[in-house]
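I opened this notebook to record what I looked up in a structure new to me. The entries follow the order of my reading.

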Amino acid sequence: MKSRHFQAIAGIGMALGGTFVPSVASAQYNRVPDPNAKRVMVAVFRSGDKGLGVQAADAVRGRMGSEFPFKQVYVLPKQDITATLEASGFPVTEALEPHDQKALATLLRADEYVTGTATKTATGVKVEANLVLARDNALVQPLGTYEVKSVGEASSLIAKELKEARKQLEFEQKCINAARSQQYDAAITAAKDGITAYPKSTLARICWANVLVTQKAPAAEQLKLSKEIVDIDPKSRPGLAILAQSYRDTNQGDSAVVTLTRLLATDPKNPRLQKDVVEAIAVLANPKLAKPVIDEAVQANPGDPELLKLRWLILLSTKDYKEAFAQGEELVRLDTAFADTTYFIRTARAYAADSQFQKASETASKGVAKFATNGSLIYEQIVSLRAAGQNQQALEALDKAIAAKMPVENAQTVRITLLKDLGKGDEVIPAIKAAIAAGDTTTNLRVLALQSANEAYKKAAASKAPEDFTAAVDLLKYADTVVPNSLKAQSQFLLGATYVAFGQAKLQVAQTGKQCAPAKEAKDLFVEAQILLPKGGSFSPDAMRQLMGAVMQLDPYAEQLIKAICK
């Protein structure tokens with residue numbers, strides 16, 4: 001049922017002053033219920049066979065009427081249920097969604113309700129039934145699955161099992177009351193009494209498990225009890241939730257992923273569960289374990305978009321890219337709204353991870369065409385274009401975004417990287433200086449400044465050309481003024497090393513041409529090197545010691561040369 005159905009039920013409740021008024025037919029057919037009797041509703045069973053769900057519910061309701069004492073259990077008449085559904089616009093022959101079942105039970109003031117499924121088999125029918133507490137539709141007690149000749153035969157077995165299952169209820173309520181009063185020992189005692197009364201109890205065990213969670217009991221203790229719940233009811237939401245957390249707390253990551261995925265399969269539209277499952281898969285790093293679980297859930301719920309979305313995310317995590325791409329395309333066909341920014345970003349990254357860089361750039365570009373102002377998508381487009389070797393297109397797209405003041409992550413750093421890729425080295429340092437002057441505070445930009453200065457140093461050391469040394473010194477001096485403290489040692493070491501190499505080159509010129517000026521300049525460079533190298537020693541201690549040793553020899557030689565040729 002859609003959400004409007006829930007609103008319709010709530011609306012009827014308000015119109016009747018919050019109290020349900022039985023129909024005339026109901027009042028004539030039934031005695032007034034005992035005020036102390038528990039009110040139990042039987043909902044239409046879910047079935048793919050026309051009319052079978054109604055037949056199963058009618059059979060169970062009729063059998064319960066004769067199985068339970070009237071003063072203990074009041075089975076809500078079908079007329080009352082039908083009247084309420086018709087007044088709200090519900091079809092009376094179709095099963096309600098779980099949240100609508102709870103809403104209807106609440107409106108009819110039911111304490112509990114019975115629900116289930118019914119299917120035809122080659123020899124008769126298969127009927128599964130559950131008892132649900134109206135206060136919380138996650139509190140479910142399985143009543144068994146029966147393959148028999150008729151719904152009448154199944155209803156007899158269900159009613160007998162329900163009679164046994166209800167023996168736990170007074171103890172479950174005592175457990176709840178004691179827990180609310182923080183009387184945890186009394187709560188656990190009551191829960192154990194409930195299990196003694198009905199060994200297959202899930203409800204008493206759930207109360208006990210919640211007490212253990214509240215008390216922050218050892219994870220192993222919670223694990224043992226939650227396993228018992230899930231063994232009895234593999235679809236128990238509280239049991240699976242506590243079991244999954246217990247597996248996490250005991251470092252059983254693989255089991256946690258499987259359990260969380262099973263939990264989500266019971267409530268696929270729950271966004272919080274979706275988030276927990278996806279995060280757990282990412283953190284626990286073994287999503288392959290979740291794949292068969294989600295495949296089974298999808299098979300059991302064909303076309304469910306939430307389960308298909310989770311399957312898509314799991315396929316991406318397991319790097320089953322071919323299936324993931326097909327699953328994503330199917331989801332977009334089912335609902336075009338699925339093709340949101342997240343879809344385009346994840347798909348583009350998956351294509352890149354699969355080395356399909358052209359497809360990655362095409363996907364990102366489609367996303368940008370649809371969401372033109374989304375900075376994250378623009379970033380993915382630029383990165384994928386660069387990976388595909390389309391650096392010029394990437395630069396143009398980035399410049400367009402910067403001009404439009406789009407919030408692209410690390411925009412200037414990416415731009416400078418693209419300039420370097422395109423061989424536009426002469427534009428790199430001016431671009432860095434302009435970005436920093438404009439207020440860019442990113443560390444990456446400063447790292448690029450130091451990298452560019454380092455490249456200039458290497459070029460000068462190889463060429464020995466004075467102009468290259470001068471350029472390297474200028475760049476390193478600039479880099480030293482902008483790099484963070486963590487990179488200061490590196491910038492100062494490189495600048496000191498440059499002074500040593502530049503000084504050697506100056507000495508060579510002075511010696512060859514008997515020139516005084518270069519000799520004095522070399523002396524000054526060696527003095528600067530002796531100041532800077534120790535400051536940068538932590539960056540490269542061994543290299544620093546070697547260079548300092550060289551300076552200790554070169555500096556006296558420079559002085560001798562100055563005395564010899566400078567008159």
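**Entry 1. Ground rules.** I note that this is a predicted model, in which local features need pLDDT of at least 70, side-chain atom pairs count only at pLDDT 80 or more, and totals for chains, interfaces and linings use all residues. Residues are numbered from 1 along each chain as its sequence is written, and side-chain values use heavy atoms, with hydrogens and water left out.

**Entry 2. H3 and H6.** I took helices as DSSP runs (H or I, at least four residues), numbered from the N terminus. At what angle do the axes of H3 and H6 cross? I found that the axes of H3 (residues 52–67) and H6 (residues 151–165) cross at roughly 50° and come within 8 Å. Each axis is a line fitted to C-alpha atoms over the stretch in contact, and angles run from 0 to 180 degrees between N-to-C directions. H3 and H6 are therefore oblique to each other; angles under 35 degrees count as roughly parallel, over 145 as roughly antiparallel, 65 to 115 as roughly perpendicular, and the rest as oblique. On the H3 side, the contact (heavy atoms within 4.5 Å) includes Leu-52, Ala-56 and Arg-63. On the H6 side, Val-151, Ser-155 and Lys-163 are among the residues that take part.

**Entry 3. H11 and its cover.** I then listed the buried residues (under 20% relative accessible area, with a 1.4 Å probe and protein chains only) of H11, among them Pro-238, Leu-240, Leu-243 and Tyr-247. What covers the buried residues of H11? I found that the cover includes H9 (203–215), H10 (219–232) and H12 (253–266).

**Entry 4. Leu-223.** I located Leu-223 in H10. Leu-223 counts as buried because its relative accessibility is 10%. Not counting residues up to four places away in sequence, Leu-223 touches Leu-243, Ser-246, Tyr-247, Thr-250 and Gln-252.

**Entry 5. Gln-492.** I found Gln-492 in H25 (residues 488–513). Gln-492 is buried, with a relative accessible area of 15%. Leaving aside neighbours within four places in sequence, Gln-492 is in contact with Asp-480, Leu-532, Lys-535 and Gly-536.

**Entry 6. H4.** In H4 (residues 78–88), I noted Asp-80, Ile-81, Thr-82, Thr-84, Leu-85 and Ser-88 as the buried residues. H4 is followed by Gly-89, whose phi is positive, near 90°.

Terms used: Helices (H or I, at least four residues) and strands (E, at least two) are DSSP runs, numbered from the N terminus. Buried means under 20% relative accessible area, exposed over 50%, partly exposed in between (1.4 Å probe, protein chains only).
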